[in-house]
Amino acid sequence: MDTILLYVIAGAGLLVSVFKDPAKTMTALRKALKALEGILPQFLVVLALVAVTLAVLDTETISRFIGTGSGAWGVLGASLVGAITLIPGFVAFPAAAALLAGGAGATQIAAFVSSLMMVGVVTLPMEMKYFGKQAAILRNVLAFGFSLVAAVFVGWVVSL
Amino acid sequence: MKKLLKRYASVIIAVFAFVAFILLFPAWRGKALNSIIFQAKTMLLVIPPIFILLGLLDVWVPREKMIKYMGPDSGLKGPVLAFLLGSFAAGPLYGAFPFAAILMKKGAGFMNILIFIGAWSTTKIPMLLFEISALGPRFALSRLAIDIVGIIIIAFAIKATLPKKEVERLYAEAALID
């Protein structure tokens, strides 16, 4: 659904741009292609990394992992799984909802969802290309730490 | 040619590693292939509009405007705008990085860049609506609230920890993007 939105915005922008200045629009498209080519090697590496990660950690395995892990270790485990996987929300949320309905703790689910969104271990090659090793690793470490805090907070709110 | 080979060296290694993986672990073969096809489809679907928008941004938004609205001295305007830009974005987080690079090239402040990345990762509106319907408003909204706090804390922490030299280097690299 959000992809459709993206196309609508890009399409509208492109239309307005062509209308105002076709030459400039061509430059924009040339820049777009160039930017894409610039990141292509990292894209392809990430693709292979994601494929292998998600083969080993498929939705079922993840569910088992998060569904059974309890206490602090369960939260940490759920965060770790969220950090190294790359799953779109429309797959992750229903799976998380099923886990919640099946009795998994809200804290664990929140840890998973939060680190899934904020932390991207497999996409690090792309992040490092633009932000450098230092900033990229720093951001991911901080985000991982914070997702644990977020989990405790969400777990508490849900339990109220 | 040599330059091209050097740039794609990591890709060649990754391809070999992937092939080795599916040959060595037949149990995961089907899943790995399915997942690489699924991810490739997602990327192919999401990439064109993001890069078109990035190209349009580069061409149409003058540097002075960007500095005025999102520069380091833009006051409260900058972070608010960065936050909205990230929240109305769509697509996986890796789409935010090339976009952020163009914002840097145009002179957006580093703090605003960090807020933009944070917002793109956790407060995307379309995803939030989906999260509410799947996990309930209490879960989704409390996660949203705490993650907004997190975005700001993380942005401050990175800005405080990262050496100034490194930030300058990142901006110099971004300036080279054509």
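Predicted model: local features only at pLDDT ≥ 70, side-chain atom pairs only at ≥ 80, totals over all residues.

**Entry 1: domains.** I began with chain B. Its domain assignment gives domain 1 (1-46) and domain 2 (61-175). I then looked up how far apart the centres of these two domains of chain B lie, and over C-alpha atoms the value is 30 Å.

**Entry 2: counting cavities.** How many cavities of 30 Å³ or more are there? I found 3.

**Entry 3: the largest cavity.** Its volume is about 90 Å³. I listed the residues that line this cavity: from chain A come A:M118, A:R139 and A:A143, and from chain B come B:L114, B:I117, B:G118, B:S121, B:I151, B:I154, B:A155 and B:I158. Helix 7 (124-159) of chain A, helix 7 (110-122) of chain B and helix 9 (137-161) of chain B each give two or more residues to this lining. I sorted the lining by class and got 8 nonpolar, 2 polar and 1 charged residues.

**Entry 4: the second largest cavity.** This one has a volume of about 50 Å³. Its lining holds A:E127, A:F131, A:A135 and A:R139, along with B:F97, B:F110, B:L114, B:I117 and B:I158. Helix 7 of chain A and helix 7 of chain B are the elements giving two or more residues here. Which element gives the most to this lining? It is helix 7 of chain A, with 4 residues. By class I noted 7 nonpolar and 2 charged residues, with no polar ones.

**Entry 5: looking back.** I spotted A:R139 in the lining of the largest cavity, and A:R139 also lines the second largest cavity.

Methods: Residues numbered from 1 in each chain as written. Chains lettered and ligands numbered in written order. Heavy atoms only, no water. Domains from an automatic or database assignment. 1 Å grid on protein atoms, 1.4 Å probe; cavity = no way out; pocket = protein on both sides within 12 Å on 5 of 7 lines; lining within 4 Å. Points joined across faces, edges and corners; volume = space filled by probe spheres on them. Nonpolar A, V, L, I, M, F, W, Y, C, P; charged D, E, K, R; others polar.
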